[in-house]
Amino acid sequence: MPESLDELRGPTQGVVDLPLHMAWSGMTSYDLGKPRQRMGLYRTVLHESLRDDLPRYLNQDLLLQLWPVLRTLVGRSVRSVWEDAFPQLASRIRAAA
């Protein structure tokens, strides 16, 4: 986990190619201009990344934007860890309701 969401400075546009240790099954390349692929990338990174991968592939603004839906696509443990560490994610849920 990053110490702060401010560390997440990944791309916001273009095509992102994930390394084999994260994209070991299925898609390896994601177009951030396509909403479903963007969501798929974030889901994959949250589940499969190493700590050093997070700042490279996740972007704070996109994570906050995607979180109300993304949280329903990740496992309960991933959701809990991220929302406990970063209250601003949990507050996005209340704001979206």
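A residue is called buried here when its relative accessible area is under 20%, and W82, at 4% relative accessibility, therefore counts as buried. The legends below apply to a predicted model.

**View 1. The aromatic pair formed by W82 and F86.** A search of the whole structure finds one aromatic pair. The ring centres of W82 and F86 lie 5.5 Å apart and the ring planes meet at 40°, so the pair is classed as tilted.

View 2. In soluble globular proteins, nonpolar side chains tend to be buried together. The largest nonpolar core in this model has 27 residues, of which L18, L63, L70 and W82 touch the most other members. Helices α1 (35-48), α2 (54-57), α3 and α4 (76-85) each supply at least two residues of this core, and α3 gives the most to it, with six residues. For L70, the contacts that remain once neighbours within four places in sequence are left aside are with M39, Y42, R43, L46 and L63.

**View 3. Helix α3 and its kink at W67.** Helix α3, which runs over residues 60-73, has 14 residues and reaches 18 Å from its first C-alpha to its last, close to the 20 Å expected at 1.5 Å a residue. A kink of about 70° lies within α3 at W67, shortly before the proline P68. The buried residues of α3 are Q60, L62, L63, L64, L66, W67, L70 and R71, a list that includes W67, where the kink lies. P68 also provides a reference point for S91, which has its place in helix α5 (residues 87-96): the C-alpha atoms of S91 and P68 are separated by 9.5 Å, although the two residues are 23 residues apart along the chain. S91 itself is partly exposed, with a relative accessible area of 30%.

**View 4. N59 at the start of helix α3.** N59 is found in the loop between α2 and α3 and counts as buried because its relative accessibility is 10%. At the start of α3, a side-chain oxygen of N59 comes to within 2.9 Å of the backbone nitrogen of D61, while the side chain of N59 also reaches the backbone oxygen of G10 at 3.0 Å. When residues up to four places away in sequence are not counted, N59 touches L8, R9, G10, P11, T12 and Y42; among these, Y42 is also in contact with L70.

**View 5. S49 in the loop between α1 and α2.** S49 has its place in the loop that lies between α1 and α2, and a polar atom of its side chain lies 2.7 Å from the backbone oxygen of V45. Setting aside residues up to four places away in sequence, S49 touches M22, T44 and L54.

**View 6. G14 in the segment before β1.** G14 has its place in the segment before β1 (15-17) and is partly exposed, with a relative accessible area of 37%. Its contacts, leaving aside neighbours within four places in sequence, are with Y30, D31, L32 and G33. The C-alpha atoms of G14 and E3 are separated by 26 Å, the two residues being eleven residues apart along the chain.

Conventions. Residues are numbered from 1 along each chain as its sequence is written. This is a predicted model: local features need pLDDT of at least 70, side-chain atom pairs count only at pLDDT 80 or more; totals for chains, interfaces and linings use all residues. Side-chain values use heavy atoms; hydrogens and water are left out. Helices (H or I, at least four residues) and strands (E, at least two) are DSSP runs, numbered from the N terminus. The expected span of a helix is 1.5 Å times one less than its number of residues. The bend at a residue is the angle between axes fitted to the seven residues ending there and the seven starting there. Buried means under 20% relative accessible area, exposed over 50%, partly exposed in between (1.4 Å probe, protein chains only). A polar contact is a pair of N or O atoms within 3.5 Å; within protein, one must be able to donate a hydrogen and the other to accept it, and residues adjacent in sequence count only if both atoms are side-chain atoms. A nonpolar core is a set of buried Ala, Val, Leu, Ile, Met, Phe, Trp, Tyr and Cys residues joined through side-chain atoms within 4.5 Å. Contact means heavy atoms within 4.5 Å. Rings of Phe, Tyr and Trp (its six-membered ring) pair if their centres lie within 6.5 Å; planes under 30 degrees apart count as stacked, over 60 as edge-to-face and the rest as tilted.
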